[in-house]
Amino acid sequence: MELLCPVCHEVLTREDRRAVCIHGHSFDYARSGYLNLQISQRTDQGDNKLMVNARTAFLHSGAYAFLKEELTRLSQKYSPEVLADLGCGEGYYTSSLCAQRKYGFDLSKDALIYASRHDHSTRYILASIFHLPLADHCADLALTCFAPPALSEVERILKDNGHYIFVSPGPDHLFEMKSLLYEKPYKNVVSPLGTTMSLKEEYTIEQIFTADREQLQNLFRMTPYAYRTSLRATQKLEDIQTVKITAQFILRIYQKEKQ
Ligand SMILES: [Zn+2]
């Protein structure tokens, strides 16, 4: 197993409903199936249940299925032995990726409960993407989809010649929804990643979908806008019956050169 003990960094092995290291540190598998390797006692981290439910409902509408298909295609192209999805959420993308062994990391228990119940092809781990309980140079492919790029950890866990896929919102992503909420909506800024890995490919994929009232509400609740928008603007959104919205993603593929 590539997983390490978050206390002493020795290899973890599975024993029934827990994972243990040679020093006797022991970690439990939750009833739903994910492994809790979070040593901090904080419980307020990660997306809350409301956000997870909204995102799950929205993703099930299929509006982002074209991104899922593209990520599946890329995983087939690189056919990794070990794949790590950093910030996997409820496993919507992770579940369809191809690899001999897949790990999904997230800090949201609610997201991981959903993920581990619905996808048995991935080992879901509650842990910070900035302190990954993974061995050095163990992964062939790492993915970050709508989460911050934890670059030093990505560089550490990737094998030489391993690949990293970073997905972020394009400038026009959800612009129509922002236009409904704000007087002066801004476009997303795409900034370069400060990494020693080489950028091999960068491209944009885009689709326009029609959102009904419920879909629009779910979309709003799963984004950070829900927390920084005035009540009046939020109510305006409730009056919309259907609206066309752009989903636009930028995919960047990096390779870790042999040291
Ligand atoms: Zn240990």
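Here is a short chat about a predicted model of a protein chain.

Biologist: Hi! What does the secondary structure of the protein chain come to?

Modeller: Hello! Keep in mind that this is a predicted model. The chain has 7 helices and 11 strands.

Biologist: And what does the C-alpha trace span along its principal axes?

Modeller: About 60 × 40 × 25 Å. The radius of gyration is 19 Å, which agrees with the value near 18 Å that a compact globule of 259 residues would have.

Biologist: Nice. What share of the residues is buried?

Modeller: Buried residues are 39% of the 259 in the chain. As for contacts with a separation of 6 or more, 62% of them join residues 24 or more positions apart.

Biologist: How many residues are in the largest nonpolar core, and which have the most contacts inside it?

Modeller: That core has 64 residues. Those with the most contacts inside it are A84, F105, I125, A139, A142, I157 and Y164.

Biologist: Let's pick F105. What does F105 touch, leaving out residues up to four places away in sequence?

Modeller: F105 touches the run A84, D85, L86, G87 and C88, and also I125, A127, I129 and L132. Two of these partners, A84 and I125, are also on the list of residues with the most contacts inside the core.

Biologist: Switching to helices: how do α1 and α6 cross?

Modeller: Helix α1 covers residues 49-60 and helix α6 covers residues 213-221; their axes come within 8 Å and cross at roughly 135°. The two helices are therefore oblique to each other.

Biologist: Is that crossing left-handed or right-handed?

Modeller: The crossing of α1 and α6 is left-handed.

Biologist: Which residues meet there?

Modeller: From α1 you have L50, M51, A54, A57 and F58, and from α6 you have Q215, N218, L219 and R221.

Biologist: Which residues of α6 are buried?

Modeller: L216, N218, L219 and F220 are buried in α6. N218 and L219 are also among the residues that meet α1.

Biologist: And what covers the buried residues of α6?

Modeller: The cover includes α1, along with helices α5 (175-181) and α7 (231-238) and strands β10 (198-212) and β11 (242-255).

Biologist: Last topic, R31. Where is R31 found?

Modeller: R31 is in the loop between β3 (26-28) and β4 (35-36).

Biologist: Does R31 count as buried or exposed, and why?

Modeller: R31 counts as exposed, because it has 10 C-beta neighbours inside 10 Å, and the cut-off for exposed is 12 or fewer.

Biologist: How far apart are R31 and I113 in sequence and in space?

Modeller: R31 and I113 are 82 residues apart in sequence, and their C-alpha atoms are 8.6 Å apart in space.

Key. Residues are numbered from 1 along each chain as its sequence is written. This is a predicted model: local features need pLDDT of at least 70, side-chain atom pairs count only at pLDDT 80 or more; totals for chains, interfaces and linings use all residues. A nonpolar core is a set of buried Ala, Val, Leu, Ile, Met, Phe, Trp, Tyr and Cys residues joined through C-beta atoms within 7 Å. A residue is buried if 20 or more other C-beta atoms lie within 10 Å of its own, exposed if 12 or fewer, and partly exposed in between; C-beta atoms are placed from the backbone. Two residues are in contact if their C-beta atoms, placed from the backbone, lie within 7 Å. Helices (H or I, at least four residues) and strands (E, at least two) are DSSP runs, numbered from the N terminus. The radius of gyration is taken over C-alpha atoms; the globule rule is 2.2 Å times the number of residues to the power 0.38. Axes are lines fitted to C-alpha atoms, for helices over the stretch in contact, and angles run from 0 to 180 degrees between N-to-C directions. Angles under 35 degrees count as roughly parallel, over 145 as roughly antiparallel, 65 to 115 as roughly perpendicular and the rest as oblique. A crossing is left-handed if the near helix is turned anticlockwise from the far one by less than a right angle, and right-handed if clockwise.
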